[in-house]
Amino acid sequence: MNRIFSGIQPTGNLHLGNYLGAIRNWVAMQRDYDCIFCIVDLHALTQPQVPAELLASTREVTAAYIAAGIDPERCIIFNQSAVPGHAELSWILGCHAPLGWLNRMTQFKEKAGKQRDNAVLGLFAYPVLMAADILLYKATHVPVGEDQKQHLELARDIAGAFNRHYGHDYFPLPEPQILGVAARVMSLRDGTRKMSKSDPSEQSRINLTDDADAIATKIRRAKTDPHPLPDTPEGLAGRPEAENLIGIYAALAGMNEADACRRFQGALFSDFKGALVDLAVAVLGPIGAEMRRLTSELGYIDAILRRGAERAGAIAGVHLDEVRGIVGLLRP
Ligand code: TRP
């Protein structure tokens, strides 16, 4: 059976980009794959966190998975730190990951900034932990956004290095599933930048917990250009804000951009935005409401995570024991 592993860091608010770019696609995958969806709290520690917020965000991401339609019976949902095997395998894999490979990671360079010496070891080792997440379950497919492609290639390289070193085809090489165009949701304030939880402007993103008023205000204030909407996607070239809003409409409506353009050809942004508000509220409203309901029932979320960690831990335990055997660690 093919197995999917993917995860989201519990840092800050989840937004429309996380939903359209990741979670919504996962919902569709749970029918065809054996799925493990993680809340990667150890990864979150690679940047400074406020402990209480980290905890709240871990529960919020869990609530979002469930509210969006991921079935916790069918899939495994758990937080990374609850299965100690992630950290343990990360160590072993780190001993097979040359510094040269890690030095090439563009995300580290971006996040570390200019003061490279002040960057922490965890941030540098981040992609090794990500490889461990995937390989611990021998996942075969990993749905990720474009920005994680390099990390996934590294995971494949590390798996290959391990397999070659021990002369044992142990880890499958995980296939990236780079999610499509709709996966790139851009900022509402600047159509050339990704919608991001780290953007200081709240107006730049639609959070999954925003209520109808907040969604409407943000869409109405979204940056546009002075031209009416084109009749084909080609007409969106050089118009990043128009392209983003049409892309969001199409993704929320489950149609392609050509159909969305046909629907709104010649329309003014004011009219199009009205339709986009209605659609966004119709799709996101119930998800946000369900998230709020679930997060107010802490016992329920925590029980899902506990059960998920047991199920994940059972798989991880078997694999880790095999890995210990392969590398020559004395098994308890
Ligand atoms: N690095 C991923 C991100 O920021 C999150 C992540 C951690 C992940 N471990 C993973 C994604 C394993 C897929 C598989 O988006």
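Strands β4 (residues 141–144) and β5 (residues 175–178) run parallel and are joined by 4 bridges; two strands pair if DSSP finds at least two bridges between them. The model is predicted, so local features need pLDDT of at least 70 and side-chain atom pairs count only at pLDDT 80 or more, while totals for chains, interfaces and linings use all residues. Residues are numbered from 1 along each chain as its sequence is written, and side-chain values use heavy atoms, with hydrogens and water left out. Helices (H or I, at least four residues) and strands (E, at least two) are DSSP runs, numbered from the N terminus.

**Strands β4 and β5**

- Buried means under 20% relative accessible area, exposed over 50%, and partly exposed in between (1.4 Å probe, protein chains only).
- Together with helix α8 (residues 149–166), β4 and β5 make a right-handed β-α-β unit. A crossover is right-handed if, with the strands pointing away from the viewer, the path from the first strand over the helix to the second runs clockwise.
- Lys138 is found in the loop between α7 (121–135) and β4. Its phi is near 50°, a positive value in a residue other than glycine.
- Lys138 counts as partly exposed because its relative accessible area is 24%.

**Helices α9 and α12**

- The axes of α9 (residues 212–221) and α12 (residues 269–295) come within 9 Å and cross at roughly 150°. Axes are lines fitted to C-alpha atoms, for helices over the stretch in contact, and angles run from 0 to 180 degrees between N-to-C directions.
- The crossing of α9 and α12 is right-handed. A crossing is left-handed if the near helix is turned anticlockwise from the far one by less than a right angle, and right-handed if clockwise.
- On the α9 side the contact is made by Ala212, Ile215, Ala216, Ile219, Arg220 and Arg221, which meet Lys273, Leu276, Val277, Ala280, Val281 and Leu284 in α12. Contact means heavy atoms within 4.5 Å.
- The residues of this contact divide into 9 nonpolar, no polar and 3 charged. Ala, Val, Leu, Ile, Met, Phe, Trp, Tyr, Cys and Pro count as nonpolar, Asp, Glu, Lys and Arg as charged, and the others, Gly among them, as polar.

**Buried charged residues**

- Lys218 has its place in α9 and is buried, with a relative accessible area of 6%.
- Leaving aside neighbours within four places in sequence, Lys218 is in contact with Leu188, Glu202, Gln203, Arg205, Ile206, Asn207 and Asp210.
- Asp41 lies in helix α2 (residues 41–44) and counts as buried at 9% relative accessibility.
- With neighbours within four places in sequence left aside, the contacts of Asp41 are Pro10, Leu54, Thr58, Asn79, Gln80 and Ser81.
- The C-alpha atoms of Asp41 and Ile206 are separated by 23 Å, and the two residues are 165 residues apart along the chain.
- Glu241, in helix α10 (residues 240–253), is buried with a relative accessible area of 10%.
- Not counting residues up to four places away in sequence, Glu241 touches Asp190, Gly191, Lys223 and Thr224.

**The loop between α9 and α10**

- His227 is found in this loop and counts as partly exposed at 47% relative accessibility.
- Residues up to four places away in sequence not counted, His227 touches Arg239 and Phe269.
- His227 and Arg239 are 12 residues apart in sequence and 9.4 Å apart in space, C-alpha to C-alpha.
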